[in-house]
Amino acid sequence: MSCRAVLICPGRGTYNKSELGYLARHHAGAPLLDAFDAMRRTAGQTPLSELDGAPRFDPQTHVTGDNASPLIYACSLLDRQALAEDIELVAVTGNSLGWYSALAAAGAVTPKGGFEIVGTMGRLMHERGAGGQIVYPCTGPDWRPDPARRVGLMRILQEIDGQDGILRLSIDLGGMLVLAGDDAGLAAFTEAVPQIDGRFPMRLPHHAAFHTDLMAPIAEAGRAALPRSLFRQPSLPMIDGRGAIWWPGGTDLAALHAYTLGAQVTQTYDFARAVRHAAREFAPDMFIIAGPGTTLGGSVAQSLITCDWRGLDGKASFQDRQEEAPLLVSMGDPAQREIAAG
């Protein structure tokens with residue numbers, strides 16, 4: 001009996017020390033990985049297999065956009081190809097960088113075409129990226145929506161933006177907000193909010209002010225470097241960072257090119273809305289998060305809780321549901337991987 005699933009592709013920050021060797025562990029000898037390595041060598045860059053096979057994790061190497069983005073893309077796309085035969089994908093979405101992976105996973109670009117997009121945008125971000133990002137929770141430890149807290153945080157953001165510095169909402173992760181801006185804006189927010197668990201506000205290393213208008217020059221450079229001919233009709237529905245659905249056979253390829261290398265780069269990425277729309281529109285049996293990493297699981301669960309998906313009203317009910325029959329599977333988790341990959 002097949003399982004209807006929505007595939008979710010992760011974004012930056014998911015290939016870390018514990019993920020070193022992910023490609024070797026799960027995809028050694030994959031022809032597509034050899035092809036990606038060849039493309040990297042032709043471009044004068046370190047092959048992914050060499051980065052993944054390094055003796056130790058080096059943040060100055062593995063976390064920069066020109067290396068991290070292709071590594072994450074390769075892990076996600078190869079995981080998509082490794083799904084068990086009884087998994088029926090009904091839609092694909094992703095978080096931030098994961099949108100590029102989702103394009104390839106849904107067939108809207110070829111695997112090599114997606115690798116070209118990821119490599120180009122990762123290099124541009126590494127070379128020209130400005131500003132940074134901070135993560136801060138907008139729910140409590142029970143994961144239940146807290147509208148008053150969220151409104152208060154957005155009010156602080158609005159007060160800072162344009163006065164103490166630049167500060168914008170970069171990504172809505174459901175229970176977490178990713179804020180982006182210049183150093184002054186990020187510093188002002190850090191001073192204005194209480195510390196939580198000794199972790200938050202958390203500055204993300206080697207991240208620029210993604211999904212804000214500070215990235216407009218990079219979006220323009222991306223459009224100039226990456227032609228519309230890379231895009232084709234998807235074979236699966238795709239949910240983007242606005243919650244909009246791109247349907248097979250009905251996708252305007254010029255509009256897809258413009259969004260991917262335009263608004264997707266310069267405007268807020270509403271991942272929580274994408275998850276909610278995936279749940280309501282496609283009613284899957286399961287959400288599968290491709291590797292690498294396992295950090296996106298909480299955000300997916302929190303996004304489902306905000307729309308009361310299947311009676312989920314908090315962290316406890318989600319955990320109970322997971323024990324009965326997994327609603328959410330992370331391929332980066334060795335125990336859960338078996339459920340999706342067989």
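Biologist: How much space lies in the largest cavity?

Modeller: About 160 Å³. The model is a predicted one.

Biologist: What makes this space a cavity rather than a pocket?

Modeller: A 1.4 Å probe fits in a cavity but cannot get out, whereas a pocket is open. The structure holds 1 cavity of 30 Å³ or more. Of the 13 residues that line the largest cavity, Ser96, Leu97, Tyr100, Met125 and Phe210 are the closest to its centre.

Biologist: Which elements give two or more residues to that lining?

Modeller: They are α7 (111-128) and α12 (263-266). The most comes from α7, with 4 residues. By class the lining of the largest cavity has 7 nonpolar, 5 polar and 1 charged residues.

Biologist: What is the volume of the largest pocket, and which residues are closest to its centre?

Modeller: The volume is about 1200 Å³. Val135, Met176, Arg199, Thr295 and Ser299 are the closest to the centre, out of 50 lining residues.

Biologist: What makes a residue part of a lining?

Modeller: An atom within 4 Å of a grid point of the space. On that basis, elements that each supply at least two residues to the lining of the largest pocket include β3 (132-137), β5 (176-181) and α14 (297-306). The largest share, 4 residues, is from α14. The lining of the largest pocket divides into 22 nonpolar, 21 polar and 7 charged residues.

Biologist: How do you know that β3 and β5 are paired?

Modeller: Two strands pair if DSSP finds at least two bridges between them. β3 and β5 have 6 bridges, in the antiparallel sense, so they meet that cut-off. Val135 stands opposite Val178 in β5.

Biologist: Why are β6 and β9 called edge strands?

Modeller: Each of β6 and β9 (269-270) pairs on one side only. The open sheet has 5 strands in the order β6-β3-β5-β4-β9, and its pairing is mixed.

Biologist: How do α5 and α6 pack?

Modeller: Their axes are 10 Å apart, at an angle of about 30°. The crossing of α5 and α6 is right-handed.

Biologist: What makes this a contact, and which residues meet?

Modeller: Contact means heavy atoms within 4.5 Å. Tyr73, Ser76, Leu77 and Arg80 in α5 meet Tyr100, Ser101, Ala104 and Ala105 in α6. By class, the residues of this contact are 5 nonpolar, 2 polar and 1 charged. Tyr100 is also among the residues closest to the centre of the largest cavity.

How values were computed:
Residues numbered from 1 in each chain as written. Predicted model: local features only at pLDDT ≥ 70, side-chain atom pairs only at ≥ 80, totals over all residues. Heavy atoms only, no water. 1 Å grid on protein atoms, 1.4 Å probe; cavity = no way out; pocket = protein on both sides within 12 Å on 5 of 7 lines; lining within 4 Å. Points joined across faces, edges and corners; volume = space filled by probe spheres on them. Nonpolar A, V, L, I, M, F, W, Y, C, P; charged D, E, K, R; others polar. Axes fitted to C-alpha atoms, helices over the stretch in contact; angles between N-to-C directions. Left-handed = near helix turned anticlockwise from the far one by under 90°.
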